[in-house]
Amino acid sequence: MVRNQPWLTFITHLIILLGILVLIFPIYVTFVASTHTLETILSVPMPMLPGNELINNYLTVLTAGSNSVGVSVGRMMINSLIMALGIAFGKIVISLIAAYALVYFRFRFRLFFFWLIFITLMLPVEVRILPTYEVVAKMGLLNSYTGLILPLIASATATFLFRQFFMSIPNELCEAARVDGAGPIRFFIDIVLPMSRTSIAALFVILFIYGWNQYLWPLLITTDEQFYTMLIGIKRMLDVGEGQVEWQLVMASTMLAIIPPVIVVVQMQKQFIQGLTETEK
Amino acid sequence: MEKQRVVFNNKVLPYMLLAPQVAITLVFFIWPASQSLFLSVLQQDPFGLSSTFVWFDNFSTIFTDEIYRKSLGTTAIFSLLVTLASMSVALLLAVLANRVLFTGRVYKTLIIWPYAVATMVAGVLWYFLFNPTAGIISHLLKSMNYDWNHGLYEGQAFFLVVFASVWRQVSYNFIFFLAGLQSIPPSLIEASAIDGASPFRRFWTIVFPLLSPTSFFLIVVNVVYAFFDTFGVVDAITGGGPNHATDIMVFKVYHDGFKGLDYGGSAAQSVILMGVVILLTIIQFRYIERKVHY
């Protein structure tokens with residue numbers, strides 16, 4: 001038997017709580033700062049308890065924005081949401097049908113296409129930023145939702161996940177469908193799609209967070225404030241040169257940038273963990 | 001081996017299904033990547049009107065560049081520290097959370113959420129706590145007579161960037177370590193407990209070796225994270241400074257290309273980064289293949 005050692009259990013809880021404290025501390029301070037006036041924040045040290053500017057600060061950012069950025073955070077949230085949903089849905093649809101083609105058909109150059117998709121694993125945005133930027137600029141897609149979404153929408157990992165899953169679907173199902181006279185499109189819609197539901201949900205959580213948290217790409221292609229995402233807006237609010245950063249507004253915006261993806265992770269914890277462990281393997 | 005699958009006979013449909021993914025791959029992946037390769041052996045004149053083929057001049061230029069060499073060193077130490085620290089902390093927390101199963105579930109939720117925080121936002125959070133004018137931690141340090149100014153001192157800036165990157169990555173590693181721990185059969189642990197092994201000894205002789213596939217996989221993922229995803233942390237906290245102390249390779253590619261407008265040099269750096277990713281991907285797949293054979 002593994003013996004119960006009370007002192008060890010005590011230390012266990014202590015260390016975990018300490019770890020959680022370090023994880024939560026910066027968010028707590030951010031929240032507190034978002035409920036004070038700028039003067040209070042700058043009066044070092046700032047208070048450690050929430051003030052009463054909460055509604056005021058959040059209303060200001062949501063409707064008007066800060067002095068240095070001429071667009072409201074409400075607008076930025078919508079932009080981030082469009083980008084995150086666009087990437088998540090786009091990737092899932094494109095990967096689903098591509099994986100379906102790779103598994104359920106035999107055609108010329110099948111292996112070639114397989115490797116073409118596979119090779120994109122080795123080319124993250126960061127290693128091809130300049131030329132990708134030029135392509136998007138030439139297509140006239142700077143400062144557009146299409147430009148924000150399209151270049152990030154092809155994903156080898158999602159395609160492989162679905163391919164793996166399709167290959168585990170018993171052959172008999174496909175045979176039965178064919179005997180019943182169902183074509184490939186019918187089989188896909190009636191059988192394959194409903195069976196893939198859990199994989200799709202798991203992938204959706206991961207991709208939503210991935211899309212919401214994109215930073216480098218929107219930083220490059222959005223110069224028009226109307227297309228700023230949350231993260232770009234926060235960055236611009238911090239870039240005031242010699243001026244004073246409006247911390248209370250930056251902190252309120254930061255909270256608003258954190259809340260949606262955190263809610264998704266906490267609410268869909270099961271799908272999140274499944275998605276993470278499946279896509280990465 | 002792939003077993004024989006029942007397939008549909010259709011000449012056109014598969015190509016149509018593949019078309020979107022292939023089109024995007026060609027336009028936004030293959031073409032830009034080949035452009036990077038191409039640009040890396042060209043030298044453009046300052047007005048961008050003409051370019052000449054210069055063989056590997058761009059590469060020899062960047063490798064003789066003092067700042068780039070510093071960036072290579074910084075990136076190496078940075079990714080080593082981030083990987084080591086975030087994995088050790090995550091392993092410790094996972095082992096502990098696994099010990100206290102009931103409350104472990106609550107703990108789990110409280111530990112995994114930072115994964116949803118963007119690296120850039122993680123940078124902003126810690127930048128706020130440490131900023132020399134209003135930050136409360138920097139204030140605390142000052143009251144203990146420690147002068148904190150990461151805009152001035154290289155070591156402090158480097159520490160802060162590492163710390164923020166680790167803070168964001170612990171939750172990711174925690175999830176995988178916890179999953180790994182939960183797949184270890186309890187009978188193994190009990191058997192060694194009967195043999196009189198202490199909890200620490202049980203960890204080092206049984207649990208730790210059984211976690212090695214997870215650890216190996218995580219090393220690769222964490223190195224990739226430290227190399228690329230930490231761009232947001234650096235951009236939010238230091239912008240590569242002071243004196244290039246936090247100028248990691250991916251930040252330098254961006255900075256030289258978009259701020260310095262040195263296309264050839266930036267492309268050459270991209271090609272080197274590409275080499276790193278290819279190497280890491282190959283290592284990862286080697287590992288997966290090996291796992292399949294077990």
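Modeller: Take helix H11(A), where the buried residues include Ser199(A), Ile200(A), Leu203(A), Phe204(A) and Trp212(A). A residue is buried if 20 or more other C-beta atoms, placed from the backbone, lie within 10 Å of its own, exposed if 12 or fewer, and partly exposed in between. Helices (H or I, at least four residues) are DSSP runs, numbered from the N terminus. This is a predicted model: local features need pLDDT of at least 70, side-chain atom pairs count only at pLDDT 80 or more, and totals for chains, interfaces and linings use all residues. Residues are numbered from 1 along each chain as its sequence is written, while chains are lettered from A and ligands numbered from 1 in the order in which they are written.

Biologist: How many residues of H11(A) are buried?

Modeller: Twelve of its 16 are, and H11(A) is mostly covered.

Biologist: Which residues does Ile112(B) touch?

Modeller: Two residues are in contact if their C-beta atoms lie within 7 Å. Leaving out residues up to four places away in sequence, Ile112(B) touches Val265(A), Ser171(B), Phe174(B) and Ile175(B). Ile112(B) and Ser171(B) are 59 residues apart in sequence, yet 4.6 Å apart in space, C-alpha to C-alpha.

Biologist: Why is Ile112(B) called buried?

Modeller: Because 23 other C-beta atoms lie within 10 Å of Ile112(B). This residue belongs to helix H4 (residues 101-112) of chain B.

Biologist: How many residues join the two chains?

Modeller: In chain B, 75 residues are in contact with 79 residues of chain A. Helix H1 (residues 13-39) of chain B gives the most to chain B's side, with 18 residues.

Conventions:
Helix = DSSP H or I, 4+ residues; strand = E, 2+ residues; numbered from the N terminus.
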